[in-house]
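Biologist: I'd like to go through this one with you and ask how you back up the labels you use. Can you show me the model?

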Amino acid sequence: MDCNRREFIALAGAALSGPAILPVFAEVSGEIQCLVYDADGQPLPPTALERFHICDSLMRPFTVPFETGSGAVRFTPPADKSFRISLPLIVPGFGEVFVYADDGGEGYNEGSLHHANPLVLNYAFARDRMATVRKVEADCRQSGVVISPETQERIDAAQSSLTRAEAAGADRTAQVRASMESLRDSLWAGELLVLARARTAIEHRPSRAGFLFGCNGFGLAAGYPDTLNQFSAIFNYTTIPIYEGWVEREKGHPDYSLFEAALNTLIGTTIVPKGHPGIWLEPENTPKWLQNISYDETKRYCLEHVRQAISRYRHRVHVWDIVNEAHVQPEVDRGMNGFTREDNVDLTVSALRAAHETDPTCFRIINITGTWADYYMGEHPEGTKWQRRPAAWQQSPYDYLSMLRDADARYDAIGLQYYHSGRDMLEFERDLESFNHFGKPIHVTEMGFPCSLAPFPGQEQYAYWGGGNGGEKMAWHNDFTESVQADWVEYAYTIAYSKPWIEAITYWDFNGRGHDGFVQEDGTPRESYDRLKNLLAKWRNQS
């Protein structure tokens, strides 16, 4: 049986009141339909499905067109590829996060999905999260991690609800409600397990004396003594700005006074400075004279900036973000000339070489944003279908790093940014670990979580990659408060610090105008400041 788009939407919307829908697309078109509901068993509106996507185990989204209806999505699976299915979902009792279905960890493929057509995603999310939790639980027990009573209660509750979902049969409402209850508890259980595993790993090894705990130091440039004292009470590392648009607004007349002021603020401290960045072709921080010129001209001027900055400060600054976000820059839709992916890789390789030639001792970082490639989710519908497709110059972080490896790029660390992205901590850990494959040290170069969603002056200047457009508003743990922010900071730092191949963590900001900072504009510390201060003191005093 085949049907048109109108009939498909009607069938999906009626799913709760009738028997389970039979596969109606597979035999004719090869399309798969997924059904998804809210916690009460009501079909999700099409607007809630706009960030539906499929990705591989490395979180690289596939460019697969899909169509949405009331509580339904249909798409044609890629041939001969394994993938995960994901979308953001409000899970009462936990929050709103991207959830994943991956056929018990094996990954779906064209054949396995046709046997489950239609696929009720609520049940698939719950079943597959439970399978992941069981694997993490087994790993914890094998490695001697103590599983708390709270965690065990969550695991047992999730399994009990999943069993009820499995027994619901054709009662779709009962199946969905039980699945959502299972998902709530398995999301909590997964986070508690990976957190316990991280804490145990930290406890069983001595303090990491050379670890760099950093924070954006842009607010230190004015040299406020009180701010510097608050800063140095926690951090031994800071990122200071040397954007080309700040340095050379007028072509041929560089002015390093802002960078100098920030550096001078650090005199007499043991805080290690990092220059940021050598190259970042983002409109607001690129001088007008450097915009909309040829690639060859852009490359020449950018390499000149890298050489000049590193040469000028080689005796004071030894760590540099050489290239920032080249896998998503420059942005044509924001007034810049676009380059090819090959151009961006060539620019990166050339900048790394120029930095080394200028100062062979400098520590070179490739800074990367949007590790889940959420910018693939910015497309508008094409006709009746959505198309998850990057711009011509964009690619996933993993693919960009693979191209750099193939080009024999020489650098010292991979920098990863983790702003609030609508993911839980188990998925945060999974994403972190996916980059260990490259055999390079990892620096978490930027991370942040807001304690409020209230508007603030200058908010329009802040860009968020997390979760695509609007993803920063997904309420992890149900809310945005100082306590929730402190929890996020503690969890993220603990998981990252527990990984021996992660050598630095930098938070963004310390005292900025937004709601991510540790300190309010008047100098009052937020709960996250005290929480992190106590956490780092414990780690640093560990024998």
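This is a predicted model: local features need pLDDT of at least 70, side-chain atom pairs count only at pLDDT 80 or more; totals for chains, interfaces and linings use all residues.

Biologist: What makes you say that the second largest pocket lies between domain 1 and domain 2?

Modeller: Look at the lining: domain 1 (32–199) and domain 2 (213–540) both give residues to it, so the pocket lies between them. The pocket holds about 330 Å³ of space. Of its 18 lining residues, the closest to the centre are Arg84, Asp102, Gly105, Thr132 and Arg430. Helix H12 gives the most to the lining, with four residues. By class, the lining has nine charged residues, five polar and four nonpolar.

Biologist: Why is Glu137 called buried?

Modeller: Buried means under 20% relative accessible area. Glu137 has 8%, so Glu137 is buried. Arg141 is at 48%, so Arg141 counts as partly exposed, since exposed would need over 50%.

Biologist: How do you know that Glu137 and Arg141 meet in a salt bridge?

Modeller: The cut-off is a side-chain nitrogen within 4 Å of a carboxyl oxygen. Their N to O distance is 3.0 Å, and that makes a salt bridge. Both sit in helix H3, four residues apart, about one turn of the helix.

Biologist: And what makes Lys299 and Asp346 a link between distant parts of the chain?

Modeller: Lys299 is in helix H9 and Asp346 in helix H10, 47 residues apart. Their closest N and O atoms are 3.0 Å apart, in a salt bridge. Lys299, at 22% relative accessibility, counts as partly exposed, and so does Asp346, at 29%.

Technical notes: Residues are numbered from 1 along each chain as its sequence is written. Side-chain values use heavy atoms; hydrogens and water are left out. On a 1 Å grid over the protein atoms alone, a cavity is a set of points where a 1.4 Å probe fits but cannot get out, and a pocket is an open set with protein on both sides within 12 Å along at least five of seven lines; lining residues have an atom within 4 Å of a point. Grid points are joined across faces, edges and corners, and a volume is the space filled by probe spheres set on the points. Helices (H or I, at least four residues) and strands (E, at least two) are DSSP runs, numbered from the N terminus. Ala, Val, Leu, Ile, Met, Phe, Trp, Tyr, Cys and Pro count as nonpolar, Asp, Glu, Lys and Arg as charged, and the others, Gly among them, as polar. Domain bounds come from an automatic or database domain assignment. Buried means under 20% relative accessible area, exposed over 50%, partly exposed in between (1.4 Å probe, protein chains only).
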